[in-house]
Amino acid sequence: MKIHFKSLLLIVSILTVLAGCSSNNGNSPAEGSNTNTSPAANEEQASTNTQPDAEPSGPRELTDPLGHTVTIPANPERILASYLEDYLAALDITPVAQWSVGDSPMDYLESYFKDVPVIAHDLPFESVTSFSPDLIIIGDESLIADNKYDSYNKIAPTYALGSEINADWRKAFAEIGKIVGKEAEVQASLEAYDAKAAEAKAKIEAAGSPSAAAIWLVGGTFWIVVDDQSSGAVMYQDLGLKVPSIVTEISEGEGNIWRSLSLEAMAELDTDHIFLINSDAATGSEALKDPIWTSLPAVVNGNVHEFDADLSSWLYTGPIANDMIVDAVVDSILK
């Protein structure tokens, strides 16, 4: 029951955070991307951008995307950026605390933040105060609804990304780079990712560009990622995998990034590969014994690639998560 409740709490919290991102689903695959540039050209360009940015000489005044004027400390040492830790890790920044549900943070970042304490996903004011941050970065606008921004800003200078920026990982990464004075490192990281994704895409195209879907099983319910956000954007936009018709249908209209899929709808999942994030492994995964699941083409053909939900980057987004997803897709499909 503890595992089951923890899984349900995790999905509720992640869907709550991601709900704010789903209103900006119209981004072009090429927006903020250099996927049409050759790897060699990317490497040459990246080589000119690998020098670390100079440390800011003093506090800087920036206006965040929501219009707040924020005084950024010269060298913030106690940054709190809940649910944005992927970007910090990519910039070699250790936060003062990391997002969590219960005691469970984003475990795929464990090697970066093994000894960093956790903070509840809803950022209680008392907890935030106890960590004495010198800079707070907010991604999800719901966290500062009902005049909560002023309360956080009294604790430490608070910079809010807003829904439009938060929904696009490239824009969010660039914004955080600007905040901490590491724009060049962000640019180099993005160019390296785009070159890697372009190389992987070419290999996948050479293999026939199969179709694929990412399925999350938790609490006996199947959830499927939409076609233009999180791991869906990596699979279909960055890597060029074909989108199954049921994924296209379920992605239409507003909603969360992960959407529940009935067994009746599951029967329509005609795809070459399934990437299964299994949160029910410890309780027996009974749903995987249903005849509808076992009759799916990907299951019949042995093309279900299962990932441990506790260590999975598939549920998140950012330079590190997306890089790991690219590796997982290539290793699974081109093995």
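The buried residues of helix H8 are Trp169, Arg170, Ala172, Phe173, Glu175, Ile176, Gly177, Ile179 and Val180. Keep in mind that this is a predicted model.

**Exercise 1.** Describe helix H8: how many residues does it have, how many of them are buried, and what is found at its ends?

*Solution.* Start with the extent: H8 runs over residues 169-180 and has 12 residues. From its first C-alpha to its last it reaches 16 Å, close to the 16 Å expected at 1.5 Å a residue. Next, look at the cover: nine of the 12 residues are buried, so H8 is mostly covered. Now the ends. After H8 comes Gly181, which has a positive phi, near 75 degrees.

**Exercise 2.** Is Ser211 buried or exposed?

*Solution.* First find Ser211 in the loop between helix H9 (183-206) and strand E8 (212-218). Its relative accessible area is 10%. Buried means under 20%, so Ser211 is buried. Then look around: leaving aside neighbours within four places in sequence, Ser211 is in contact with Lys242, Pro244, Asp270, Thr271, Asp272 and His273.

**Exercise 3.** Which backbone oxygen lies 2.6 Å from a polar atom of the side chain of Ser251?

*Solution.* Go to helix H11 (residues 245-251), where Ser251 lies. The oxygen belongs to the backbone of Val247. Beyond residues up to four places away in sequence, Ser251 touches Val226, Asp227 and Arg259. Ser251 counts as buried, at 11% relative accessibility.

Notes. Residues numbered from 1 in each chain as written. Predicted model: local features only at pLDDT ≥ 70, side-chain atom pairs only at ≥ 80, totals over all residues. Heavy atoms only, no water. Helix = DSSP H or I, 4+ residues; strand = E, 2+ residues; numbered from the N terminus. Buried < 20%, exposed > 50% of the residue type's maximum accessible area, 1.4 Å probe, protein only. Contact = heavy atoms within 4.5 Å. Polar contact = N/O pair within 3.5 Å; in protein donor to acceptor, adjacent residues only side chain to side chain. Expected span 1.5 Å × (residues − 1).
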